[in-house]
Every structure is written in C-alpha cells, then in structure tokens.
Amino acid sequence: MDVMLLAGTSAEAVKLAPLAMALSGHGVLRPVLVHSRHPDSGADHALAPFGLAVDTWLNIPPRSGDRQAELLAGLLPALDEVFRRHRPAALVVPGDTTTALAGALAAFWGRIPVVHLDAGLLLRDLDPFPEECVRQVVSRIAALHLAPTGVAAAALRAEGVPRQRITIVGNTAVDAVTYLAERDLPAQCAELALLEMEVNEAGQQLVLVVWESLESWGEPLDRTLHAIRRLVEDHCNVQVLFPVAPNPALREQVVGGVGDLTRVTISEPLDYPDLVRALRLSSVVLTDSDAIQEEAPAFAAPVLVLRDYTQRREAIEAGFAWLVGTDSDTIHIAATEVLIGRRQVSTVENPYGDGKAAARSVIALEDLLGIAEGHFSAWETCP
C-alpha cells in the first residue's frame, strides 16, 4: 500500500524525510515521495543526507510573482493524474503551503484519505496570509491530524476536529536534526568550518542569523543589522554567521549593513546538515524562521524570534526562545543577556518531542488504514 508524501519545498521534504525512512522498512506500507517542482529545485539535495530521493516530480513551473491561483491551477490536474496512476492508500501533506492545499483538495476529490503532518498550528484568524487559510482548509479535509504538541491538538479540538482523528506524535523536525546530529557529518561550508575552529579552539561565541521572511526586508532587517553591529562592537569574543538567500536585494542590504565587520561572515545558504551543525555550535540564534524555532530546542540553542507573533508558542513558553520583534534595542539587550549568561534556556524536555515522531506517525497511519492489530492507540493522549 503506497503512502504518498507530498512536498512543495525543500524544507517540507526534510520534514517528510523521517516519515519516509520509518515507512521504508514497513512490511505493508511503502513511501512514495512526490515533489511539486522539478529535479533541479534542490529537493533531492536536501533529501540526500537521509539516503532518500524524490520518486515523482510534478514539474510545476515557478509562479509569476505571488500568483497563488496560477500555482494552484497547475498543481491540481498534475496531482489528479498522479493519484489516478498510483492510487495511494493515503496522502500526507505537511504544513501550510499552496502545495499542501492542492494535495488535500485533489486527494479529497479522489476519495484518498488526507493526513496532515504538523497539524494544529492554528490562530483562528486568516492572518498570516495565506498560510493560515491553508491550515484551516486542510484541517477540515484531513482524515488524520498528526499534531506536534498537546497545544496543537487542543487547537484542533477547539476548531471542532473530532478527538479520534487527532494523534500527538511530536515534530518530525526533531527526528531530522537528531538523525543528522548523530551522523556528525563534517561541515561542507568552508566559512562554517573556520568558525567551528574559532568556537572550539579559541572560545568564541557564535551568533547564527537566519532570515527568511520577505515581509521583513527593509526597515525591520535594517534594525536587526544595527543590533548585530552593536553586538559585534560590544563583545570581542562574538562571531556572527549570516547565511543569505541568493537574492541580490537581500544580499546588498545585509552587506551594506554589516559587511564591513571582520567578525561577521556572510555566506551562501547552508546545506541542511551544515545548518544542523551551526545550530549545535550557536550561543544564540536570531531568526524569523518557523523551522529554526522547532529545530534549535533539540540542541538547547537559545532563540530570539525576530517577529511580533509566532505559531510556535511552545518553545517560548518552555523557555527555549523569546519573542523580541525587530526593535534594535530589544534585540541587542536580549542577545547580550544570553551571551553573558543572564538569560538561559530551560532545562525542561524539548516541547517538540524526543525524535520519535515518525515512528508514532506510522502507528497512527496503520490505525487509519486498518492494518494494525492490538497497537497502543495514540489518540488517547489527545486532550
């Protein structure tokens, strides 16, 4: 029985990788990795450290600007054709992208059970746009909700999702980073390798900056860069690593803001194993990334969330992260407190799980598809 795992980005492919690995040795269920893009989109490169590759490419061209309708119009017939060809027993979609929405709709129309990975990160509002809309639509369609935390499960229950359709499994991002940390692959990025020597041999403190949001370019990024400049000037033992996406405007802004500082390294985007390595080395992480908020607690890396809101409240409430926005003074003060030890991460368990989310997800899939006998039912952990 094929279980189709649908990704629209490399980050989603990484989230699905632990589940694909867990299913690969199953006696009945077989993972089929499907990606909405094309082979040169980078997904295979992201999956390679896990020993995986995309099975089926939809080859949907990039949309023109922010035209969600154009992307959705391309995805639906392509997915419908793949479903007719493979007739999967279930479709797993992660997160809140247009690809997840298209997959859920096409599978629902084809009477294929939809499984929502990372379910329940709901705000009960239609902002942020369009991600929250996708989550709410998929939550109505899904036959099984794989919730990362009890808070996410409670949000689903508050939206009227039946208890028996919710399983708390943990976050597969923890599975992914734990797997790669155990492999301990050497750094492929030359800049990271040099910084690792500075941290391990010279006692330097690494500040990792991961910036993703297009909406935060301009003034919010300028304020953040000003805070980074002040940190470097105030702390002689601080090294900053800022991997920058291949966007000329973004690189120009970052280089213009901190490129003249000798202890700031502006690199190309890190491969996923290198990103995991950088998180393990970091004394503090400055980011607006949802993924980093989930991954960093696995290494007790303190995170300053450069946003005014976050759907990942568990890390903040557990004491692994702090919501600081993009005010320069606030960032500078919070980062300084972390660097000098005045603000420390919690010693409680990681709120996103123990690295066994994929194994629990397989049990939930078995229950959904009626192929398990006598398994412990994870539904019972749902509040």
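Trainee: Is Y179 buried, exposed or partly exposed?
Mentor: The relative accessible area of Y179 is 28%. Buried means under 20%, exposed over 50%, and partly exposed in between (1.4 Å probe, protein chains only). Y179 is therefore partly exposed.

Mentor: This is a predicted model, in which local features need pLDDT of at least 70 and side-chain atom pairs count only at pLDDT 80 or more, while totals for chains, interfaces and linings use all residues. Residues are numbered from 1 along each chain as its sequence is written, and side-chain values use heavy atoms, with hydrogens and water left out.

Trainee: How many aromatic pairs does the structure hold?
Mentor: Rings of Phe, Tyr and Trp (its six-membered ring) pair if their centres lie within 6.5 Å; planes under 30 degrees apart count as stacked, over 60 as edge-to-face and the rest as tilted. By that rule the number of aromatic pairs is two.

Trainee: Is the pair of F50 and Y179 stacked or edge-to-face, and how many residues apart are they?
Mentor: The centres are 5.7 Å apart with 20° between the planes, so the pair is stacked. F50 lies in the loop between α2 (43-47) and β3 (56-57), and Y179 in helix α7 (residues 172-183); helices (H or I, at least four residues) and strands (E, at least two) are DSSP runs, numbered from the N terminus.

Trainee: What is the relative accessibility of F50?
Mentor: F50 counts as buried. The value is 4%.

Trainee: What is the angle between the planes of F50 and Y272?
Mentor: This pair is tilted, at 6.4 Å centre to centre. Y272 is in helix α11 (residues 272-281), 222 residues from F50. The angle between the planes is 40°.
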